[in-house]
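Morning, everyone. Please look at the model on the screen, and I'll walk you through the ligand site and the open pocket.

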Amino acid sequence: MDTLALAKALPKAELHIHIEGSLEPELIFALAQRNGVSLAYASVDALREAYAFTDLQSFLDIYYAGASVLLKEDDFFDMAWAYFEKAKADNVVHAELFFDPQTHTERGVDMGVVIGGLKRACEKAEQDLGISSALILCFLRHLSEDEAFATLEAAMPYRDAFIGVGLDSSEVGHPPSKFSRVFARCRELGLHIVAHAGEEGPPAYIWEALDDLKVERIDHGVRCLEDDKLVMQLARTRLPLTVCPLSNLKLCVVDDMKDHPLKRLLHAGLCATVNSDDPAYFGGYMNANFEACVNALGLNRAEVVQLVRNSFEASFVEEGRRAALMASVDAMLASS
Ligand code: HPA
Ligand code: ZN
């Protein structure tokens, strides 16, 4: 098997996927029609043509507009189920899904509708596809910490349905320290803690995510390479980075995939992983991200295997399943 075929075939975990970012244009239009929502675009093609981003904010504006078609529990189920079918095709065997409840509750959609639909899709994925999964509730950092507290409160009746909290949306100008108190409360509640940092924001934001929020993983984090001391700490602690190569290209975090820092991160000893972020918007799901990296960076077999092992090491899966998933990688390597 060549390196790309191996990358595609290996079982892997996806740890950085915004489920609202898996909403394909066709499903956006189908849900708009089902719910009587009018869209600013005349057709699927016209919407797709608008997917020419210059930075994070230019993407977020369209991403939040796309999410406006989600109203009923079945809409959230259908969106997540469509993702799980793509994940299955890419041999993703474990997925930790971000969701943005404030994008929906702000429009009058009940927290129970959002979580209910997503949870049902997760259960069906386990039963029908053998994919284990978990939900991570993200706070929108362009909103206030008080609004994050209100969101946490609204989610408390569904505490068992999600394993952790994250921080996403517009990064620059909204440092992690803005949310220190709400994340402290989340830690008391026993939630896993992650945050987007160092995508567009400086290494100082990664330090804040570590020191103030006490994150267990950094989402993106590619700008850590600008700070040697930070790289050393991330390497020493094996604190994972959930890297999203196609996202970085589409949002102009890197100008060319050949310049993507994934290989540098790996060779610095970091626990870097490959993920799709918002696959419906950025040109592909898990295996498309591996393909772009294998082709542009010339990843070798050992590097691909390391990335896949890192995905299981970095996941919040229960230890027995982590060991079984690692063993399934070994089994495939032994037979390929
Ligand atoms: N960064 C920040 N917020 C987001 C992203 C991202 O890549 N995707 C969806 N929300
Ligand atoms: Zn993201």
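Ligand 1 sits in the largest cavity. "Sits in" has a rule: more than half of the molecule's atoms lie within 2 Å of the grid points. A cavity, on a 1 Å grid over the protein atoms alone, is a set of points where a 1.4 Å probe fits but cannot get out.

Some ground rules. This is a predicted model, where local features need pLDDT of at least 70, side-chain atom pairs count only at pLDDT 80 or more, and totals for chains, interfaces and linings use all residues. Residues are numbered from 1 along each chain as its sequence is written, chains are lettered from A and ligands numbered from 1 in the order written, and side-chain values use heavy atoms, leaving out hydrogens and water.

The structure holds one cavity of 30 Å³ or more. Its volume is about 120 Å³, taken as the space filled by probe spheres set on points joined across faces, edges and corners. Lining residues, 17 here, have an atom within 4 Å of a point. Closest to the cavity's centre are His18, Leu56, Phe59, Leu60 and His196. Helix α4 gives the most to this lining, five residues. Helices are DSSP runs of H or I, at least four residues, and strands are E runs of at least two, numbered from the N terminus.

Now the ligand's shell, meaning residues with a heavy atom within 4 Å. It includes Tyr63, Asp168, Asp277 and Asp278. Again α4, residues 56-66, gives the most, with four. By class, the shell has four nonpolar, four polar and four charged residues.

Which atoms make polar contacts, that is, N or O pairs within 3.5 Å? A backbone N or O of Ser169 lies 2.8 Å from a ligand 1 nitrogen. The Glu199 side chain has an N or O atom 2.9 Å from a nitrogen of ligand 1. For His220, a side-chain N or O is 3.2 Å from a ligand oxygen. The protein covers 100% of the 260 Å² of accessible area that ligand 1 has on its own, by Shrake-Rupley with a 1.4 Å probe.

Last, the largest pocket. A pocket is an open set with protein on both sides within 12 Å along at least five of seven lines. This one has a volume of about 190 Å³. Among its lining residues are Lys119, Cys122, Phe162 and Ile163. Helix α7 (111-129) and strand β3 (132-140) each supply at least two.

Definitions and conventions: A polar contact is a pair of N or O atoms within 3.5 Å; within protein, one must be able to donate a hydrogen and the other to accept it, and residues adjacent in sequence count only if both atoms are side-chain atoms. Ala, Val, Leu, Ile, Met, Phe, Trp, Tyr, Cys and Pro count as nonpolar, Asp, Glu, Lys and Arg as charged, and the others, Gly among them, as polar.
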